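Have the model at hand as you read.

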Amino acid sequence: MLITGGRILVAAIGAIVLVVVGIFGLRAVFANPHVPEPIATSTSPSPPPEPPPGGGSPDTGGSGPDGSTPPGTDQGPGGDPGGTGNPPEPEVEETAEPYAATSKPINTLLGTVAVAVDLPQVQGGKPQVAQTFNDAMDSALQEQVDASPGAFLKSSSDSGVRIGEHVLSGVLRSSATKMSPLTTDLLTNTVVVDTDSGELMNLASLFTDLDQGLSRLRVLANDLGSTSTAGAAFDGSALPAEEEPFSQWTAEPEGMRIFFAPGAVAPDDEGVVELTIPWDRFGAVVRPDVREIVSS
């Protein structure tokens with residue numbers, strides 16, 4: 001009986017111990033919960049690719065041995081060198097502005113000459129050619145001033161410029177009036193410029209042979225004198241085969257327009273006499289290449 005009671009007491013004490021141990025175990029779990037650490041994943045870099053034979057870096061798109069980009073290989077989208085991505089702009093050839101006739105008003109005293117002149121000029125075109133023409137017109141004015149000491153020099157409305165395809169022709173027509181005694185002289189000066197070469201043209205540059213050209217001019221002037229502004233009053237019998245009487249001329253499409261000084265081929269009261277000789281009447285005495293220029 002005593003033995004049985006002892007066993008029961010031992011079993012009860014064991015149960016109590018287990019309960020106490022369980023309670024302390026649960027408290028340890030809730031007081032210090034265990035959170036598992038994440039498992040580290042290996043991120044070791046892959047080994048670099050093997051360099052190709054020759055020492056260059058692999059897949060560099062044309063780089064040199066030192067990794068630099070050779071000249072001319074830097075291309076942007078679309079194959080545009082320089083990486084801009086835009087195609088190069090096409091070059092546009094500049095077209096020269098065409099020649100245009102104008103005038104330069106001059107109202108001043110040059111020496112003893114009072115000047116009131118609208119001097120023919122050109123602008124546009126080739127700058128050096130325009131400058132040659134304008135400088136020559138300045139010289140033409142100075143020539144008239146030198147011939148008219150003490151006079152009042154005034155230009156007429158007949159002054160102007162003709163612009164051809166290959167030639168510029170200018171004429172300055174003026175009157176020089178002196179008060180004592182009262183006289184008026186009519187003056188004409190001309191300028192002709194080859195716009196292809198930029199050179200001034202004269203009788204020597206017009207004819208294949210100057211002497212033959214002057215002889216031909218004299219004959220044609222007499223033959224065609226009646227078509228001049230003097231009409232039937234034209235008389236070229238006294239014309240010498242020299243440059244001076246034919247020196248003032250302009251290049252027109254229809255022919256060579258000559259300005260004869262008053263009294264040279266007609267009475268003084270006829271003033272400056274104009275005569276146009278067609279280019280085809282000159283025959284071979286006019287240089288063929290020059291004929292194309294002056295008739296343009």
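Which backbone oxygen lies 3.0 Å from a polar atom of the side chain of Arg 162? That oxygen belongs to Ser 296.

Before going on, a word on the basis: this is a predicted model, in which local features need pLDDT of at least 70 and side-chain atom pairs count only at pLDDT 80 or more, while totals for chains, interfaces and linings use all residues. Residues are numbered from 1 along each chain as its sequence is written, and side-chain values use heavy atoms, with hydrogens and water left out.

Arg 162 sits in strand 4 (residues 160–163); strands are DSSP runs of E with at least two residues, helices are runs of H or I with at least four, and both are numbered from the N terminus. Arg 162 counts as buried because its relative accessibility is 17%, and buried means under 20% relative accessible area (1.4 Å probe, protein chains only). The Arg 162 side chain also reaches the backbone oxygen of Ala 251, at 2.7 Å. Leaving aside residues up to four places away in sequence, Arg 162 touches Ala 251, Glu 252, Pro 253 and Val 294, among others; contact means heavy atoms within 4.5 Å.

Trp 279 lies in the loop between strand 10 (273–278) and helix 5 (288–294). With 5% relative accessibility, Trp 279 is buried too. Its contacts, again not counting residues up to four places away in sequence, include Ala 251, Glu 252, Pro 253 and Val 294. Trp 279 and Glu 252 are 27 residues apart in sequence, with their C-alpha atoms 9.2 Å apart in space.

**The two pockets**

Rolling a probe the size of a water molecule over the atoms shows where empty space is left. A pocket here is an open set of points on a 1 Å grid over the protein atoms alone, with protein on both sides within 12 Å along at least five of seven lines; lining residues have an atom within 4 Å of a point. A volume is the space filled by probe spheres set on the points, which are joined across faces, edges and corners.

| Largest pocket | about 380 Å³ | 18 residues, with Leu 186, Leu 187, Thr 188, Gln 248 and Ala 261 closest to the centre |

Strand 6 gives the largest share of the lining of the largest pocket, five residues. In the second largest pocket, helix 2 and strand 6 each supply at least two lining residues.

How values were computed:
Buried means under 20% relative accessible area, exposed over 50%, partly exposed in between (1.4 Å probe, protein chains only). A polar contact is a pair of N or O atoms within 3.5 Å; within protein, one must be able to donate a hydrogen and the other to accept it, and residues adjacent in sequence count only if both atoms are side-chain atoms. On a 1 Å grid over the protein atoms alone, a cavity is a set of points where a 1.4 Å probe fits but cannot get out, and a pocket is an open set with protein on both sides within 12 Å along at least five of seven lines; lining residues have an atom within 4 Å of a point.
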